[in-house]
Each structure stands twice: as structure tokens, then as C-alpha cells.
Amino acid sequence: MTSKNNPSADVTIDLRGKKCPMTFVYTKLELERLDPGQILEILLNYAPSFTNVPRSVQLQELGEVISESAETGGEKTLWIKKKLNN
Amino acid sequence: MRRIQTLTETQIDRYSRQILLAQIGGKGQKKLLGARVTVVGAGGLGCPASQALAAAGIGTIRIIDADRVELSNLPRQFLHHTNDVGRYKVDSIKDKIQAMNPDVTVEAVRRFVDKDNIADLLADSDYVIEACDGQAAKFLVNDACIHLGIPFTIAGVVQFYGQIISVIPGKTRCLRCLFREPAAEDPQNSCSGAGVIGAAPGMAGMIQANEAIKSITGAGKLHTDKLMIFNLIDCSFDFLDIASLPKCAACENSQNPFYRSYDYGSAVPVCHLNPAPEKEVIS
């Protein structure tokens with residue numbers, strides 16, 4: 001799903017097949033491992049997570065969604081930049 | 001505290017609702033799994049406290065008590081079942097925790113704390129939960145933790161009432177700063193003399209476990225420099241600010257083991273009224 005125009009990710013995790021809240025749990029654990037400013041790419045196919053994950057990332061101030069793919073075939077990709085000095 | 005590098009898939013699933021918490025996350029969960037919490041007393045407070053600690057994934061729980069389960073314990077000591085009557089309380093709790101969570105190691109210590117053994121029994125603890133039922137025991141645990149520099153929480157309950165205080169040695173006021181001396185033991189003001197409803201120690205023990213979890217993870221603010229007083233018959237909660245009290249003798253010279261020279265009276269060995277068992281065992 002990543003195209004040439006998409007941000008270059010430092011780490012990609014495939015969360016297809018996972019539902020909320022585990023989509024955010026795995027996103028959060030991966031963000032904890034990253035360095036500030038690094039980019040996490042997550043692949044999702046559980047529709048509620050398309051909005052739940054970005055909202056939780058924002059609420060817990062873990063980073064920001066800097067890009068997202070169009071929804072294709074029930075799947076979506078998000079790119080999250082880890083908060084600086086997190 | 002042991003350093004836990006990674007969480008397994010099973011652990012991520014089991015602890016997902018704690019990892020979700022902004023104040024805990026994966027980092028906090030690893031700290032919990034690497035921590036050792038000592039619970040002094042395996043009764044009304046020790047059961048809920050150790051239950052909540054074990055469920056949360058505290059890696060090592062040391063539980064200290066030489067008492068055996070009695071039938072009259074069961075309405076408030078929730079981890080002991082009818083067929084545990086007569087068994088050592090710490091063995092009963094160990095069985096329940098092992099069935100509940102294989103991530104937890106239980107160090108079951110069939111002893112009562114006293115001036116001579118308490119330093120060894122509290123050694124290597126990241127947090128101590130005082131869950132005894134006697135004034136002298138509470139002061140002994142308080143004074144020893146002050147000297148050993150281990151953060152701790154103390155609770156006491158009777159009837160529908162309870163009190164809770166948490167302490168960070170060297171930083172916040174302690175039980176002795178507040179009360180100065182243990183009150184004379186009054187059988188009419190004990191759980192066996194005056195009665196107790198299980199929810200009172202149940203709630204207090206849960207709050208104590210939560211204090212341990214917060215201390216280990218750094219989440220939130222500990223219940224320090226104030227005494228919580230709850231009344232479950234009226235459902236009222238009061239808080240007494242004790243931050244401005246002068247330091248007690250134990251806190252004033254905490255580098256010295258105040259507890260070694262203090263006379264705790266006849267209530268040591270402490271925690272209950274029956275004679276100590278013939279054999280003291282750590283299993």
C-alpha cells in the first residue's frame with residue numbers, strides 16, 4: 001500500500017486481523033520503542049481502528065498521524081510520527 | 001527491580017487494558033513484571049492486596065504470615081476458601097495466585113515479622129504493603145521501612161471503618177509522625193472483638209495494591225502526607241493533611257535503625273494472637 005509519495009517509515013507493523021483496542025495497544029508499544037521523531041507505518045483492516053488509533057495516539061500525546069492512505073479493499077495505512085521528547 | 005526487556009504476545013494480550021493506560025503503557029507493565037512487592041499479612045488486607053498485585057502482573061510477591069486459615073476469616077479474606085481452613089494462609093494465597101497468573105512468583109513466608117527478622121524479610125522489596133492487624137506490627141513495619149528506605153503503605157480497618165496512609169521514607173510523613181506511639185491493643189476495637197465487614201479491608205487492600213502499582217510505575221500521585229479515613233456505613237471519605245507535622249524519631253534519624261531499640265511490647269511477634277508455628281518455612 002505504500003506508494004512513492006508516502007512518508008518513509010522507520011518501522012512498519014502489520015495489524016491486519018487485529019481489532020480495537022489491540023490495534024492501539026500494538027501501535028503504542030511500537031511507538032515506545034521508537035526514537036522521538038521516527039515514523040511508524042501501521043497497516044489496518046478493522047474499520048473502527050481507522051479513527052480509534054489516531055484519536056488514542058492524539059489523546060495520549062504519543063505522536064501525530066502525518067499521513068494516511070485512502071481506504072482500499074477495507075484496508076488503510078497510517079503513518080505516525082513519534083512525538084519529540086516523548 | 002529486575003529489568004524486563006520484552007513482553008510476550010500472551011502478556012501483551014493479558015495486560016492490554018493496563019498497557020492502554022496513558023500512565024502505564026508497555027514501559028510501566030515491564031516495571032510491574034520486574035518488581036517485587038512484599039505484603040506483610042495474609043488476611044483481610046493481604047488477600048485483596050495480593051490478589052490485585054498478582055492480577056496486575058507484579059513479577060514477585062513475597063507474602064509473610066505464620067497464621068493459619070480459620071472459618072471466621074472467610075467472609076473478609078477473599079483468597080481463602082472453605083477447604084483451606086487449617087492451612088497456612090500464605091500457602092493458600094500462593095496456590096490461588098499461581099492458578100491466576102503464571103507470570104507471578106510467590107515467595108510464601110510462614111513467619112511473623114519481628115525486630116530481628118524484619119530487615120531480612122523486607123530485603124530487596126520495591127514496595128511494602130503493611131497488612132497486619134495489630135498496632136505494634138504496623139509501627140514495626142513503618143519504622144523498618146523508614147530505615148530501609150522502602151516506600152510503603154499502611155492500612156487499618158475495623159467494623160465499617162478504615163484508614164490508609166502511604167509513605168515515601170525521607171520525603172513524607174509516616175505513621176509514627178502521625179500517631180507517635182502505638183495505642184494499647186484493645187480487643188474490643190479489633191476485628192475479632194468489634195466485627196468487620198469484608199468490603200472494608202477489601203477496599204483498603206485494593207487501594208494499597210494500587211499505591212504499590214503507582215509507586216513502581218511512577219503513575220499519578222501517591223497517597224502521601226495525608227490520612228484517608230473512610231466510613232462505609234455512611235459512605236463518607238475524609239482526608240487529614242499531615243504534611244506539616246513535625247518529624248518523628250524514626251524519620252529524624254532514619255540512617256539509624258530506630259526499630260531495633262524501640263519497645264514494641266508484647267505484641268511482637270505480631271499479626272495475631274495464636275502461638276507461632278513450630279517450624280518457620282519459606283516455600
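1. Two strands count as paired if DSSP finds at least two bridges between them. Helices (H or I, at least four residues) and strands (E, at least two) are DSSP runs, numbered from the N terminus. With that in hand, look at chain A: strand 3 and strand 4 (residues 76-82) pair in the antiparallel sense over five bridges. Within this pair, A:G63 stands opposite A:K82.

2. A word on what you are looking at: this is a predicted model, in which local features need pLDDT of at least 70 and side-chain atom pairs count only at pLDDT 80 or more, while totals for chains, interfaces and linings use all residues. Residues are numbered from 1 along each chain as its sequence is written, and chains are lettered from A and ligands numbered from 1 in the order in which they are written.

3. Now the whole sheet of chain A. Its four strands form an open sheet in the order 1-2-4-3, with mixed pairing. Strand 1 (11-14) and strand 3 (63-68) are at the edges with a single partner strand each, so one side of each has no neighbour in the sheet. From one strand to the next, the twist averages 25°; angles run from 0 to 180 degrees between N-to-C directions, with axes fitted as lines to C-alpha atoms, for helices over the stretch in contact.

4. Helix 2 (residues 47-59) of chain A lies across strand 2, strand 3 and strand 4 of chain A, and runs at about 5° to strand 4.

5. Chain B has an open sheet too, with eight strands in the order 3-2-1-4-5-6-7-8 and mixed pairing. Here strand 3 (105-109) and strand 8 (236-241) stand at the edges; each has a single partner strand, so one side of each is left without a neighbour in the sheet. The twist averages 15° from one strand to the next.

6. Next, the nonpolar cores: sets of buried Ala, Val, Leu, Ile, Met, Phe, Trp, Tyr and Cys residues joined through C-beta atoms within 7 Å. Buried means that 20 or more other C-beta atoms lie within 10 Å of a residue's own, with C-beta atoms placed from the backbone. The largest core has 71 residues, and B:I61, B:I63 and B:V141 have the most contacts inside it. Helix 7 (residues 135-148) of chain B gives the largest share, eight residues. A second, separate core has 17 residues, among them A:L44 and B:I24.

7. Finally, the two chains meet: the contact (C-beta atoms within 7 Å, placed from the backbone) takes eight residues from chain A and eight residues from chain B.

Notes. Buried ≥ 20, exposed ≤ 12 C-beta atoms within 10 Å, placed from the backbone.
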